[in-house]
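Reader: I'm new to looking at structures, and I'd like to know where the labels come from. Could you show me this one and take me through it?

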Amino acid sequence: MNRFIEIKELVKLYYGHGFFNRMRSAVWAVDRVSFGIDRNTIFGLVGESGCGKTSLARSLLYLDPPTSGNVWYDGTLLGNLSTKELRFLRKRMQIVFQDPDSALNPKMRIQSSLAEGLINRRFAHHERTERINHLLDLVGIQPAHSQRYPHEFSGGQKQRIVIARALSMEPDFLVLDEPVSNLDVSIQAQIINLLLDLKKEFSLTYLFISHDLNLVAYLSDQIGVMYRGRLMEQASAEEIMSHPCHPYTLRLFSSMPSEQTATGEPDEIEPEVSKAEAIAVSHGTCPYADQCAIGEQSCSEAEPEMKEIGQGHRVACFKV
Amino acid sequence: METGENQLLHIKDLDVSFEHEQSTAHALRGIDLSLNAGETHALVGESGSGKTVTSMCIMGLLSVPPGKVNGGEIYFKGRNLLTLSETGRRKVRGKEIGMIFQEPSKYLNPAFKIGEQITETLILHLQVERKKATEQALELLSLVGLKESKRILKSYPHELSGGMKQRAMIAMAICCHPPLLIADEPTTALDVTLQLQILRLLLRLNATFSMGILFISHDLNVVKEISDRISVIYSGKIIESATKRQLFENPKHPYTKLLLQSIPDAKKRGTRLKAIPGMVPDAEHIPAGCSFHPRCPTVEPGCKYEIPPAVDLGDGHKAACYLTGKR
Amino acid sequence: MDASETDIEAIRTKLGTDRPILTQYVQWIWKVFHFDFGRSMISGQPVTELIFERFPLTLSLALLGMVISIIIAIPLGVISAVKRWSFWDYLGMVFSQIGMAIPSFWLGILLLLLLSVKVKLFPLFGSGTFKHLVLPSISLGVARAAVLLRMTRASMLEELSKEYVITAKSKGLTERMVNYKHALKNALLPVITIAGIQLGYMLGGAIIIEQVFSLPGLGKLFLFGVYQRDFPLIQGGVIFVAFVFSFINFTVDILYSILNPKIRIS
């Protein structure tokens, strides 16, 4: 286990409510996912809504502990830690979410929001102020504005503040769950550049979750494709862009808007089964079988394993 | 400037503002936009640029206090919509101009079945009998790719998936076969694979019925899929207008150029994105002169005083910048 | 003259008060499940009989009061919201302010004075005909109408600001269809729930109003029971009222789930 972050057979189950439901439809939000992230790299996790990427992020950080499976952080097995030890270690792992409005307390001045983490780490008052000003400067917010409330800032600025707050803990690892999806296009580029600068300066490692393929393709070193709780394909960014293998990956990439509709293909209709039902049912089979362009009967009868087909390129498909 | 019989929609110098207690937000500062019959025209802009205000104005759905149309004309099939009475405008809505919106779960009435939400429009505008209207509704649902049309007709919105809801909303909007459909960010809330399906559907409808589409979006990539022409709106003014090809291969306005450069994609790996510094100005504090000048890398002293007029660069390509034509 | 020791003992044994509290309580609960509330200490009649004799009157009063409050509040609330800042809106707001401020019994007395004494339009007291119920139910209904009106207005305003209203307008539907078909249907849902629960409060309010109008309903019964320390009656009354209230709430819940398509499915 010499990778910085290692995840093995991670599972997160959500049970139905009620006595009778408990036995039946458990939703496999994260279904035995395994991958590793090297230090100082960006791992991009792509998938559509309901694929489990957010559940994975939360389980990984033990914010919502996984049902089973192992997570190693810099060699330490998180499952073995006591609550206190976990809390201590967690300072090194931070998360940035999509919506800065729900991440920032609207009643707290941003100075206070940023100070919280520092107070926990027992910094003296003047040192805290210094650090806060430094952080704000880093993310491009004027330190003079630290007495303002969140609603006085724009969306992009709020997201910068959230990033500053994550950095106040001096983490090594940052999970970014759709950090720019709510922002305007011209602001997105600013935040992306900021994230890259920070990564360089502080030698950070990122798990970057997004549904925006272009963005993930631009940023990531490694890319993982998730579908209905399972990791379907994983490879380096270059490899996956040049040789995508899994049928779902192919479908995703071909859906990226950029002049394809001239093909005159019919606009297919997605199956009328709710996502939760689909996830519940697909355990034990290939989850993509019912929509797969090259799927066969046998694909619905067993689960494909992740196999290595090239330089670190793994795919879970029977037909590859 | 194309004049012509096949000009379906022609917006001329439209000026709209919103008056609040302390300040006035100048949402549209004189925009020009033309759409021919059967053409797909994309209106691209970031939030606060005025694109939604434009669509609301065409439909006559602007909330009139605090909104106010200060000037300009909106010609639809030759008639200026702004001179019509409310009844006149209402007759155009739904019948001649249809509209679809961004989040179908919010924009569909949860208390009525899908069928009812389609047939009521047919009955109102086309005076069709209920039975016939139901038949037509079923046809429409199949037309937009919903195979289980009978079941969906009798379903409530919350029983359908996101993609299905969006298709249902499209069926509702086109039920009277309007010559113009306004699509306000219809794919923004959808997954990537669904997005493509909906775009294809819209193009199919456009081809089959020669239905003009005014497609509003902030996503240049999506717009590339669906448009013949593109108008870029910034701070209430159209700063560039061109065919798809012209815009992507040869953008003229600095904002358009920067916007295209700032969009990440695989080809730009390893390079730094050219982000546009600063923020989109809010409608209450618009910079003087060219509203983009505080953020423009090629700004010159003259840009701060007068609003640059649209320069015709030939072949229908226009850009509102003092520096076009010089390079 | 005081009662003698033996007499007191005899009554104690008869009433069962000489046994430990816990035993008494358990016995009483047992009886309640068999709908036996015991007998009134004063009249000797079974409490259940007494209650059911008078319940219909109180119930009709409460129902009528509810109907009146709905008739006043809902249309006025809806129009207030649709025609904001118009005459109707101001009327509605003024009405709801006044309605919430005045106690129902005060209104009852006022109505009596005006319409039963000065102008002999309605009977002064007694029961038996519909005319006897008119004034009391108006007093009850008006007070609650104020609250219902505010709720209706708020609910309607909220629905009118929702996105599906924009869609409805964009289809070219008339203002009438948009307001009274699309928005109203959604707005009424929470209002109906509140209106249903109102019935429970009406029953409570009825008790006071019955005093004002000398109606022989449950109110009088329980009130005298309290004055006379008629324990079985009081206990029976409390249980009965609690039961009725729960029943009303339960029915309203069921009604809500029938009307709300989103809940119906699951």
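Predicted model: local features only at pLDDT ≥ 70, side-chain atom pairs only at ≥ 80, totals over all residues.

Reader: What is the handedness of the crossing of helix 3 and helix 6 of chain C?

Author: That crossing is right-handed. As for the residues in this contact, 21 are nonpolar, eight are polar and two are charged.

Reader: How do you know that the length of helix 3 of chain C is close to what is expected?

Author: Set the two values side by side. Helix 3 of chain C has 36 residues, and at 1.5 Å a residue a span of 52 Å is expected. From first C-alpha to last, helix 3 of chain C reaches 50 Å, close to that value.

Reader: Where in helix 3 of chain C does a kink lie?

Author: At C:Phe55, shortly before the proline C:Pro56. The kink there is about 40 degrees, and that angle is taken between an axis fitted to the seven residues ending at a residue and another fitted to the seven starting there.

Reader: Now the chains. What makes you say that chain A and chain C do not touch?

Author: A contact needs two C-beta atoms within 7 Å. Chain A and chain C do not touch, and even their nearest C-alpha atoms are 12 Å apart.

Reader: Which chains share the most contacts?

Author: Chains A and B do, out of the two pairs of chains in contact. Their contact takes 32 residues from chain A and 39 residues from chain B. On the chain A side, helix 7 (185-202), helix 8 (213-219) and helix 10 (247-255) each give two or more residues. Helix 7 of chain A gives the most, with six residues. By class, the chain A side has 12 nonpolar, 12 polar and eight charged residues.

Reader: Why is A:Met108 called partly exposed?

Author: Count its neighbours. Buried takes 20 or more C-beta atoms within 10 Å, and exposed takes 12 or fewer. A:Met108 has 14, so A:Met108 counts as partly exposed. A:Met108 sits in the loop between helix 3 (100-103) and helix 4 (110-120) of chain A. The C-alpha atom of A:Met108 is 9.2 Å from that of A:Gln147, 39 residues apart along the chain.

Reader: What makes the phi of A:Glu170 worth a look?

Author: Most residues other than glycine have a negative phi. A:Glu170 is not a glycine, yet its phi is positive, about 55 degrees. A:Glu170 lies in the loop between helix 6 (155-167) and strand 7 (173-177) of chain A. With 14 C-beta neighbours inside 10 Å, A:Glu170 counts as partly exposed.

Reader: And what is the phi of C:Ser214?

Author: About 50 degrees, which is positive although C:Ser214 is not a glycine. C:Ser214 lies in the loop between helix 8 (175-213) and helix 9 (218-227) of chain C. With 14 other C-beta atoms within 10 Å, C:Ser214 is partly exposed.

Definitions and conventions. Residues numbered from 1 in each chain as written. Chains lettered and ligands numbered in written order. Left-handed = near helix turned anticlockwise from the far one by under 90°. Helix = DSSP H or I, 4+ residues; strand = E, 2+ residues; numbered from the N terminus. Nonpolar A, V, L, I, M, F, W, Y, C, P; charged D, E, K, R; others polar. Expected span 1.5 Å × (residues − 1).
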